Amino acid sequence: MTLTEIDLSDTGFWGLPLTDRAAAFALLRAQPRPQFYAEPELPFIEQGPGYYALVRHADVVEASRRADVFCSGHGAVSIVDLPAEFNEYFGSILNLDDPRHARLRRIVSRAFSPRMVARFQDNAQLLAASIVDDLLATGPCDFVSQVAARLPLKIICDMMALADLVTGLAAERVQAPGEDLTSALVTANIDGEQLASSELASFFILLVVAGNETTRNALSHGLMLLTEYPDQRALLLADLEDRIEGAVEEIVRYASPVMFMRRTLTRDYAMNGQDYREGDKVVLYYYSANRDEAVFADPERFDITRSPNPQVGFGGAGPHYCLGAHLARRELNVMLRELLTRVPAITAGEPDRLLSNFINGIKRLPCQF
Ligand code: HEM
């Protein structure tokens with residue numbers, strides 16, 4: 001593919017074989033400046049001004065850290081501008097800037113404290129064991145629905161004590177708080193701060209998406225990678241205890257389950273040789289930053305011993321860094337450990353990939369053992 005043939009706004013690009021996708025991003029990273037793309041055309045939405053594709057690790061890291069310059073408020077999960085009400089309701093905290101972001105983050109992060117996550121640890125272990133029991137009973141099957149989807153969904157449901165009508169539940173929990181995350185959120189008023197019921201509802205929508213699909217896809221990619229790289233599987237099996245954390249980091253780097261977030265410039269700014277103007281849109285391609293040869297030697301190689309591994313799959317360090325990163329790492333750790341201990345020979349077949357520029361998704365993945 002030549003530079004002019006690459007169009008990140010073309011849905012077809014995201015359906016290309018993964019080796020072609022990787023080669024295209026390598027070519028983009030080799031350019032002296034970020035490329036500028038026209039926005040995808042969508043029905044009923046006015047076409048915006050276009051965007052710069054940030055494909056290098058250094059650019060993604062700086063844009064994440066400088067949230068005062070690269071804001072999320074005009075939309076972080078969509079390249080095109082959506083109506084403001086949409087942004088707020090569906091993106092929740094992701095689409096907010098300070099001071100509202102800081103306030104919401106302060107409140108909700110109490111529910112993600114290590115203590116809160118630890119409470120779900122034993123539960124996750126039992127759950128992983130029962131998922132593998134079922135897998136062994138079922139035999140070769142679709143890995144996504146039988147294995148990868150189950151743990152993250154159940155954990156989120158348990159954490160929220162899942163409510164069909166979240167706001168109604170919130171009202172109840174205020175009266176009679178329990179041990180779950182909903183209770184922690186509605187009663188979180190250490191500094192007199194509390195979530196409004198609309199804030200709670202949209203945060204829940206985000207959690208169900210952010211905490212589910214991402215971890216599920218990371219697990220499916222994990223099985224694919226361990227199938228494609230038997231040497232890495234052998235290495236991991238030889239010392240699971242010592243190497244599992246490195247393997248989880250490397251799976252998240254290689255898979256980059258969330259492929260981008262968007263930012264908008266709050267003022268003119270120069271970064272790594274490129275001048276940006278106030279109002280410019282930039283798209284942070286984690287998928288590409290995680291393959292930047294300036295940071296990762298031989299980036300297309302899956303290497304569970306990579307150290308250091310400054311992957312940005314959970315976002316770059318900054319105010320929006322993934323709130324569930326700790327939880328996601330624990331879930332991946334527990335599930336892979338259980339799977340590889342009890343079904344060490346499990347392999348993946350041909351994946352049915354999701355066609356998306358945002359989520360590096362696997363819809364179905366046959367597995368054998
Ligand atoms: C492998 C799994 C996961 C990946 C790859 C992932 C990735 C990301 C990324 C890239 C961001 C955006 C960072 C930014 O805009 O700078 C993010 C934010 C977020 N994630 Fe995750 N995530 C994962 C799992 C989870 C889980 C399990 C939860 C919760 C249960 C979660 C909750 C959130 C929340 C609430 C935010 C918004 C933080 C903010 O805007 O302040 N994520 N995640």
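In the classes used here, Ala, Val, Leu, Ile, Met, Phe, Trp, Tyr, Cys and Pro count as nonpolar, Asp, Glu, Lys and Arg as charged, and the others, Gly among them, as polar. By these classes, the shell around the ligand holds 18 nonpolar, eight polar and two charged residues. The model is predicted: local features need pLDDT of at least 70 and side-chain atom pairs count only at pLDDT 80 or more, whereas totals for chains, interfaces and linings use all residues. Residues are numbered from 1 along each chain as its sequence is written, and side-chain values use heavy atoms, with hydrogens and water left out.

## The ligand and its surroundings

The ligand sits in the largest pocket. On a 1 Å grid over the protein atoms alone, a pocket is an open set of points with protein on both sides within 12 Å along at least five of seven lines. A molecule sits in such a pocket if more than half of its atoms lie within 2 Å of the grid points.

A residue is near a molecule if one of its heavy atoms lies within 4 Å of it. Of the 28 residues around the ligand, those that come nearest are H101, R105, R263, H320 and C322. Helices (H or I, at least four residues) and strands (E, at least two) are DSSP runs, numbered from the N terminus. At least two residues of the shell come from each of α4 (100-109), α11 (197-210), α12 (213-228), β5 (260-265) and α16 (325-342). The element that gives the most is α11, with four residues.

The iron atom of the ligand has C322 (SG) as its only protein donor, at 2.3 Å. Donors are N, O and S atoms within 2.8 Å of the metal (3.2 Å for Na, K and Ca); water is not among the atoms, so sites may look incomplete. C322 itself is placed in the loop between α15 (286-289) and α16.

| Side chain | Distance from its N or O atom to a ligand oxygen atom |
|---|---|
| R105 | 2.7 Å |
| R263 | 2.7 Å |
| H320 | 2.7 Å |

## A buried arginine

R306 lies in the loop between α15 and α16. R306 is buried (under 20% relative accessible area; exposed is over 50%, and partly exposed is in between, with a 1.4 Å probe and protein chains only), because its relative accessible area is 12%. Its side chain joins that of E250 in a polar contact of 3.1 Å. A polar contact is a pair of N or O atoms within 3.5 Å; within protein, one must be able to donate a hydrogen and the other to accept it, and residues adjacent in sequence count only if both atoms are side-chain atoms. A polar atom of the R306 side chain also lies 3.2 Å from the backbone oxygen of D298.

## Backbone features

Most residues other than glycine have a negative phi, and most peptide bonds are trans.

S256, which is not a glycine, has a positive phi of about 40°. S256 lies in the loop between α14 (240-255) and β5 and counts as buried, at 0% relative accessibility. N272 has a positive phi near 45° and lies in the loop between β6 (269-271) and β7 (274-276). N272 is partly exposed, because its relative accessible area is 46%.

Conventions: 1 Å grid on protein atoms, 1.4 Å probe; cavity = no way out; pocket = protein on both sides within 12 Å on 5 of 7 lines; lining within 4 Å.
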